[in-house]
Amino acid sequence: MKNPFFNQKMIEWRNRFGGKSIERQSRLRDLIHEIQTGNFIFIAPDIDLGPRDSVFAPFFGIQTNTITSVSRLARLSGAEVCLMTTHPE
């Protein structure tokens with residue numbers, strides 16, 4: 001996030017269960033290291049990584065930005081990809 005206060009809060013909230021946030025501006029090597037160490041990584045598909053790493057695809061009839069880096073990361077690291085969804089309960 002652009003606001004340093006809220007950025008720090010988001011990192012704290014995301015890491016509160018033992019996770020480790022890696023900023024999207026970090027090196028690809030950091031992500032690959034986490035994967036090869038055996039750690040789970042979560043990549044939100046709605047983040048904007050720019051035109052090189054994103055495409056617009058139909059989502060319930062609406063052109064929506066999504067990332068293409070998940071498949072490349074899986075190929076580079078040998079990781080398995082698991083789809084996860086959330087829903088209110």
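Where does Pro-51 lie?

Pro-51 lies in the loop between H2 and E1. The model is predicted, and every value here is computed from it. Pro-51 counts as exposed, because its relative accessibility is 80%, and the cut-off for that class is over 50%. The C-alpha atoms of Pro-51 and Ile-67 are separated by 9.2 Å. Along the chain, Pro-51 and Ile-67 are 16 residues apart.

## Confidence

The chain has a mean pLDDT of 81. Of its residues, 91% reach 70 or more. Among the elements, helix H1 (residues 4–15) has the highest mean pLDDT, at 87. Helix H2 (residues 28–36) has the lowest, at 82. Where pLDDT is low, predicted coordinates should not be read in detail.

Side chains of opposite charge can pair when their charged atoms come close. The count of salt bridges here comes to 3.

One of them joins Lys-9 to Glu-12, with the closest N and O atoms 3.4 Å apart. Lys-9 and Glu-12 both lie in helix H1. They sit 3 residues apart, about one turn of the helix. Lys-9 is partly exposed, with a relative accessible area of 27%. Glu-12 is also partly exposed, at 38%.

Asp-53 takes part in a salt bridge with Arg-52. The closest N and O atoms of that pair are 3.6 Å apart. Arg-52 is exposed, with a relative accessible area of 72%. Asp-53 is buried, because its relative accessible area is 14% and buried means under 20%.

Arg-72 forms a salt bridge with Asp-53 too, its closest N and O atoms being 2.3 Å apart. This pair links distant parts of the chain. Arg-72 is in helix H3 (residues 69–77), while Asp-53 is in the loop between H2 and strand E1 (54–59). The two residues are 19 residues apart. Arg-72 counts as partly exposed, at 28% relative accessibility. Through shared partners, the salt bridges join Arg-52, Asp-53 and Arg-72 into one network.

## Packing of H2 and H3

Two packed helices are described by the angle between their axes and the distance between the axes. How do H2 and H3 pack, and at what angle? The angle is about 60 degrees, and the axes of H2 and H3 are 10 Å apart. H2 and H3 are therefore oblique to each other, because roughly perpendicular starts at 65 degrees and roughly parallel means under 35. H2 passes H3 in a right-handed crossing.

Residues from both helices make up the contact. From H2 come Leu-28, Leu-31, Ile-32, Ile-35 and Gln-36. On the H3 side they meet Leu-73, Leu-76 and Ser-77.

## Backbone at Phe-60

Which residue has a positive phi although it is not a glycine? Phe-60 does, with a phi of about 50 degrees. Phe-60 is found in the loop between E1 and strand E2 (62–67). Phe-60 is exposed, with a relative accessible area of 77%.

Technical notes. Residues are numbered from 1 along each chain as its sequence is written. Side-chain values use heavy atoms; hydrogens and water are left out. pLDDT is the predictor's confidence in each residue, from 0 to 100. Helices (H or I, at least four residues) and strands (E, at least two) are DSSP runs, numbered from the N terminus. A salt bridge is a side-chain nitrogen of Lys or Arg within 4 Å of a carboxyl oxygen of Asp or Glu. Buried means under 20% relative accessible area, exposed over 50%, partly exposed in between (1.4 Å probe, protein chains only). Axes are lines fitted to C-alpha atoms, for helices over the stretch in contact, and angles run from 0 to 180 degrees between N-to-C directions. Angles under 35 degrees count as roughly parallel, over 145 as roughly antiparallel, 65 to 115 as roughly perpendicular and the rest as oblique. A crossing is left-handed if the near helix is turned anticlockwise from the far one by less than a right angle, and right-handed if clockwise. Contact means heavy atoms within 4.5 Å.
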